[in-house]
Amino acid sequence: MIKTFNLSKRYGKTTALENLTLHVKEGEFFGYLGPNGAGKTTTVRILTSLAKPSAGTATIGGFDIQKFPLAAKKLIGVVPQAINLDMELTGWENLLIHGLLYQMRRFEIREQAEKWGVFSGLASRLAKPVNTYSGGMKRRLTIARALLHNPSVLFMDEPTVGLDASGRRELWGLLKRINREGTTIFLTTHYIEEAEALCDRVGILDHGRLIALESPRALIASAGKVVVDVFEGESLTSHFFPDRVAAGTFAATVQGSATIRNANLEDVFVKLTGRRVES
Amino acid sequence: MRGFTGVFTRELLIIRKRFLKMLISFSVTPLLYLIAFGWGLGQRMTVEGVPYITFLIPGLIAMGSMTRSFAISSEINIARFYWHIFEEFQAAPVSDLAIAVGEVLGGILRGFFATAIICVFALFFHVRLHITGWFLLAVLGNAFTFSSLALITSMLVRSHADQSMLNNFVITPMAFLCGTVFSLKALPGWAHALIRWLPLSPATRAIRATALGHPIPWAAMATVFCFGIVFFTLGVFAIRGAKS
């Protein structure tokens, strides 16, 4: 559904994205993980035609985003990092504008608005101005708006930033349901648990380069399933083991304090880059 | 091209929400001019063969429709840099031309709104305007030209501060110098020659002549639309160029 080949973006002397080659399959829930400034938003901006690549190609549903941008854009829905709703207008009016931009007829817009309004739990709020909504409601409306024209691919750029824990979990449930209905999701995040909980495959991005691409389970297994964190003074070092027996044997030899736990994607990132994702 | 309805509908909805605020803010400047220069001076002087207040009102229409049409630049600017609403347009399967048409139509609508307010004031000041198709065409040309110019500037500027600077150094001088509140014939020859090439000068000539029932200045009318077409074309390219 999404294919990129050697996609690069440079801003002056800074390389924001370097030779990204990627294939996201139809119906996949794809996670794009990396720290702030890794190039996640740049990738989304290029794939949604908001920015031009410096080199390389990308297709959405077989349409080259540079040669056939309008055809490619018809297939996608975008949930940007910053909520870009018209705060003065009502939820319904925001959906109406979106529908007209996607050349939908008014009755289609109304039908779809009702469907996604119910789906996102906002049906009773659509007649109210958006500036009366909570942060979570604005985020859900942004998602409902992106889905209004039934896109095949939904790009979501850090959609849970700024939400509290319950709002985040609520949104995860919504995203899972959208994916189950057949929509391919391309989700950027720097929340490890989000990528682990939601994604079929995860691409790890660092300094504009894709450094790993696998399912969360395979990535974790490649790093070592069990981790021993050793605390020496103020420093923490992590050691990776294929199973708990090996980890236990090692922990018994440690002089300071040590904890044994299951590995996660954060560990994969640390092992690959020497840094933490949320650093 | 159908996608322009999305952009234009947004403009209509915003205007509907802000109708009262816009009505008041669009009324203040022309009303002050009419009181200060119309009542204060207008009954004792004549300019180009008509009472000053009769000369002034079409000038205020030219000035008002220009400034209100051009004001969409600030709106687009805010939509781009603060609310990121413009990205919703750019991410949609809508051509740059359709975005330009939607935005410029929004600017034209604001220009006509300002014109309507001044026409109502004209009734209170007992000035009879000839509201004909030619007059509306002249106003349309002016609003089209400055909405299109606004589109270009809003795509080129990097911040809201740049936009304000542009207003101060380009739009405000033009509003005063292009024959809106005084006759260009009063200026020295070199200044007259220079100012007549600014886009608002032919627009003012066309609006004043049609509003007062004088012969239609075809050259001025055509010049206004030429400016409009050139600015609009550049505006479409400016939208394309605004992608990083």
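Trainee: How much area do chain A and chain B bury between them?
Mentor: About 2700 Å². Carbon and sulfur atoms give 56% of it. Keep in mind that this is a predicted model.
Trainee: Which residues of chain A lose the most area to chain B?
Mentor: A:L50, A:E88 and A:L101. Together they account for 23% of what the chain A side buries.
Trainee: And how many residues are in contact there?
Mentor: 31 from chain A and 27 from chain B.
Trainee: How many salt bridges cross between the chains?
Mentor: The rule finds 6. One of them joins A:D86 to B:R10. Their closest N and O atoms are 2.5 Å apart.
Trainee: What about polar contacts across that interface?
Mentor: There are 11 residue pairs in polar contact, both residues at pLDDT 80 or more.
Trainee: Which elements of chain A supply at least two residues to that side?
Mentor: Strand 1 (2–11), helix 2 (69–74) and helix 3 (91–101). Helix 3 of chain A gives the largest share, with 6 residues.
Trainee: How does the chain A side divide by class?
Mentor: 16 nonpolar, 6 polar and 9 charged residues.
Trainee: New topic. What domains does chain A have?
Mentor: The domain assignment gives domain 1 (2–217) and domain 2 (219–273).
Trainee: How far apart are the C-alpha centres of those two domains of chain A?
Mentor: They lie 34 Å apart. In the contact, 16 residues come from domain 1 of chain A and 10 residues from domain 2 of chain A.
Trainee: And how much area is buried between domain 1 and domain 2 of chain A?
Mentor: About 980 Å². Carbon and sulfur atoms give 76% of that.
Trainee: Which residues of domain 1 of chain A lose the most area to domain 2?
Mentor: A:I192, A:E196 and A:I204. Together they make up 40% of what the domain 1 side buries.
Trainee: How many salt bridges does the rule find across this domain interface of chain A?
Mentor: 0 between domain 1 and domain 2 of chain A. The rule does find 7 residue pairs in polar contact there, both residues at pLDDT 80 or more.
Trainee: Which elements give two or more residues to the domain 1 side?
Mentor: Helix 7 (192–198), strand 9 (201–206), strand 10 (209–214) and helix 8 (216–223) of chain A.
Trainee: Last one. What classes are the residues on that domain 1 side of chain A?
Mentor: 11 are nonpolar, 1 is polar and 4 are charged.

Terms used: Residues numbered from 1 in each chain as written. Chains lettered and ligands numbered in written order. Predicted model: local features only at pLDDT ≥ 70, side-chain atom pairs only at ≥ 80, totals over all residues. Heavy atoms only, no water. Domains from an automatic or database assignment. Contact = heavy atoms within 4.5 Å. Buried area = accessible area lost by both parts, 1.4 Å probe. Salt bridge = Lys/Arg side-chain N within 4 Å of Asp/Glu carboxyl O. Polar contact = N/O pair within 3.5 Å; in protein donor to acceptor, adjacent residues only side chain to side chain. Helix = DSSP H or I, 4+ residues; strand = E, 2+ residues; numbered from the N terminus. Nonpolar A, V, L, I, M, F, W, Y, C, P; charged D, E, K, R; others polar.
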